[in-house]
Amino acid sequence: MKLKHTMAEPAPLQMDQSTRTHGDVLLSAQDMVIEFNLRGRLLTAVRGASLELRAGETLAVVGESGSGKSVLAKSFLGMLDKNGRVRSGSALYRGLDLVGLKTEDDWLAIRGKKVAMIFQDPMTALNPLKTVGEQIREVASLHRGLGKSEARLLALDMLSRVGIPEPERRYSQYPHEFSGGMRQRVVIASAIACGPEILICDEPTTALDVTIQAQILELIKGLQRDLGMSVLFITHDLGVVAKMADRIAVMYAGQVVEEGLSSEVFYDARHPYTWTLLASLPQLGIKGDELFSIKGTPPSLFKTIKGDAFAPRNPFALKVDFEYEPPFFDVSPTHRAKTWLLDPRSPRIEVPETISRLRSRLTETRAEELAGKAADLAARTSRTKKGGGR
Ligand SMILES: Nc1ncnc2c1ncn2[C@@H]1O[C@H](COP(=O)(O)OP(=O)(O)OP(=O)(O)O)[C@@H](O)[C@H]1O
Ligand SMILES: [Mg+2]
């Protein structure tokens with residue numbers, strides 16, 4: 001099966017090099033099992049996934065289509081489809097177990113107010129029959145208890161914060177009068193209007209063209225910095241991950257199989273599934289036939305999975321992989337992977353060359369990029385000096 005990535009051009013991969021310090025754990029999901037009833041058959045979409053989101057960080061959740069990224073995220077907002085339920089596990093948000101929330105009233109205290117979510121298609125999040133201003137104002141009135149005129153002011157402020165020119169005029173326009181990128185800005189304005197602590201972004205730029213995509217990513221990053229939010233960022237695109245994430249959680253068949261700091265996952269991945277994801281990076285400039293590519297399809301989620309779910313597609317699978325599910329093995333205090341390959345009793349295997357070369361390839365890209373920036377700066381400085389006549 002072909003892995004999806006949305007980058008047409010292999011643009012230089014920009015790793016976020018900022019060294020933000022992160023706070024306490026804000027959201028802690030442990031052993032989440034989420035199932036759906038499909039005409040009497042049970043599909044287990046999330047099979048014991050755990051992740052933690054810390055204050056002020058961006059955690060990227062990556063994995064191929066159907067791995068359970070959206071379902072897991074929606075469970076943090078009580079937005080699972082009607083045929084779905086969390087069978088077991090916990091999702092503690094500031095000590096409150098979200099799994100225990102039952103009624104819409106319970107959820108209203110969290111959804112939108114503390115945890116907000118933006119989706120791939122901004123149109124689904126907007127009401128086509130109401131002006132964008134009204135929609136943001138309603139959110140502000142509902143969640144913040146603001147009066148009409150205060151809520152209007154807040155909505156205008158939000159529209160200008162997300163970079164919508166002429167907010168006064170745009171306030172009274174309908175969603176169809178906005179371009180795709182501008183609509184996504186409106187959705188973001190509406191999401192941040194209540195000052196959420198956690199912003200979940202589910203493929204927020206996939207439907208947008210590349211230039212607009214970059215602008216929206218910058219916007220989310222800037223807002224996160226200014227408002228101090230935590231961001232859970234779901235994407236297929238590792239280029240976007242490198243740009244946005246402080247940490248990465250890799251999902252496969254309803255489980256998190258590797259997690260670590262962004263640099264640890266890009267430069268020192270340990271799970272063979274993560275290797276296959278990394279090998280699809282267009283920045284590596286490797287021809288298709290050289291790729292350490294992934295074959296086969298993920299397991300059926302209708303069946304009980306024995307052993308490591310990735311084993312049938314894993315060229316490095318050991319006998320034990322087909323029998324027993326691997327536990328997590330710590331690689332560093334911040335990095336762990338769920339693969340028997342990390343068991344000290346396992347035979348040593350050679351990391352595919354593509355992957356072992358990744359670090360130098362990415363470092364080269366970064367060095368080239370920095371050299372380019374330095375040259376650009378030098379050129380501008382000399383122009384300014386000449387222009388200033390000094
Ligand atoms: N309402 C539902 N009823 C039955 N199965 C569902 C339902 N919603 C999701 N699923 C299944 O749950 C699994 C996980 O879906 P999910 O949407 O979380 O995947 P994803 O990782 O977000 O994929 P993508 O990258 O394509 O968005 C899939 O097999 C999907 O078909
Ligand atoms: Mg999804």
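In this predicted model, residues 1-10 keep a pLDDT under 50, and the model has 24 contacts beyond four places in sequence for them. Where pLDDT is low, the predicted coordinates should not be read in detail. Over the protein as a whole, the pLDDT averages 86, and 84% of the residues score at least 70.

**The sheet of four strands**

Let us start with the sheet whose strands lie in the order S2-S1-S4-S5. This four-stranded sheet is open, and its pairing is antiparallel. Which strands stand at its edges? They are S2 (41-54) and S5 (96-97), each with a single partner strand, so one side of each is left without a neighbour in the sheet.

Inside this sheet, S1 (residues 25-38) and S4 (residues 84-93) run antiparallel to each other, joined by eight bridges. Val33 stands opposite Ser88 in S4, and Phe36 has Gly84 of S4 as its bridge partner.

S4 also pairs with S5, again in the antiparallel sense, here over two bridges. Leu92 is found opposite Asp97 in S5. S4 and S5 form a hairpin with two residues between the strands, and Arg94 takes a positive phi near 45° there.

**The sheet of eight strands**

Now for the other sheet. Eight strands make up an open sheet with mixed pairing, in the order S6-S7-S8-S3-S9-S10-S12-S11. Its edges are held by S6 (115-118) and S11 (329-332); each has a single partner strand, so one side of each is left without a neighbour in the sheet. On average, neighbouring strands of this sheet are turned by 20° against each other, direction ignored.

How do S3 and S8 pair, parallel or antiparallel? S3 (residues 58-62) and S8 (residues 230-234) pair in the parallel sense, with four bridges between them. A handy landmark here is Leu59, which stands opposite Leu232 in S8.

H11 (residues 272-279) lies across S3, S9 (247-252) and S10 (255-261), and runs at about 105° to S9.

**Helices that pack together**

Two packed helices are described by the angle between their axes and the distance between the axes.

| Helix pair | Angle between axes | Distance between axes |
|---|---|---|
| H4 (residues 132-144) and H7 (residues 180-192) | about 20° | 8 Å |
| H7 and H8 (residues 210-227) | roughly 15° | within 10 Å |
| H4 and H5 (residues 148-161) | about 120° | 8 Å |

Take H4 and H7, with their angle of about 20°. That angle makes H4 roughly parallel to H7. Their crossing is right-handed. On the H4 side, Val132, Gln135, Ile136 and Val139 take part, and they meet Val186, Ala189 and Ser190 in H7. The residues of this contact divide into five nonpolar, two polar and no charged.

H7 also packs with H8, the two axes crossing at roughly 15°. Their angle makes H7 roughly parallel to H8. H7 passes H8 in a right-handed crossing. Gly180, Gly181, Gln184, Arg185, Ile188 and Ile192 in H7 meet a set of H8 residues: Ile212, Gln215, Ile216, Leu219, Leu223 and Leu227. What kinds of residue make up the contact of H7 with H8? Seven are nonpolar, four are polar and one is charged.

H4 has H5 as a packing partner too, at an angle of about 120°. H4 is therefore oblique to H5. The crossing of H4 and H5 is right-handed. From H4 come Gly133, Ile136, Arg137, Ala140 and Ser141, which meet Ala151, Arg152, Leu154, Ala155 and Met158 in H5. This contact counts six nonpolar, two polar and two charged residues. Look for Ile136 of H4 in the model: this residue takes part in the contact with H7 and in the contact with H5.

Notes
Residues numbered from 1 in each chain as written. Chains lettered and ligands numbered in written order. Predicted model: local features only at pLDDT ≥ 70, side-chain atom pairs only at ≥ 80, totals over all residues. Axes fitted to C-alpha atoms, helices over the stretch in contact; angles between N-to-C directions. Parallel < 35°, antiparallel > 145°, perpendicular 65-115°, else oblique. Left-handed = near helix turned anticlockwise from the far one by under 90°. Contact = placed C-beta atoms within 7 Å. Nonpolar A, V, L, I, M, F, W, Y, C, P; charged D, E, K, R; others polar. Pairing = 2+ DSSP bridges. pLDDT = per-residue confidence, 0-100.
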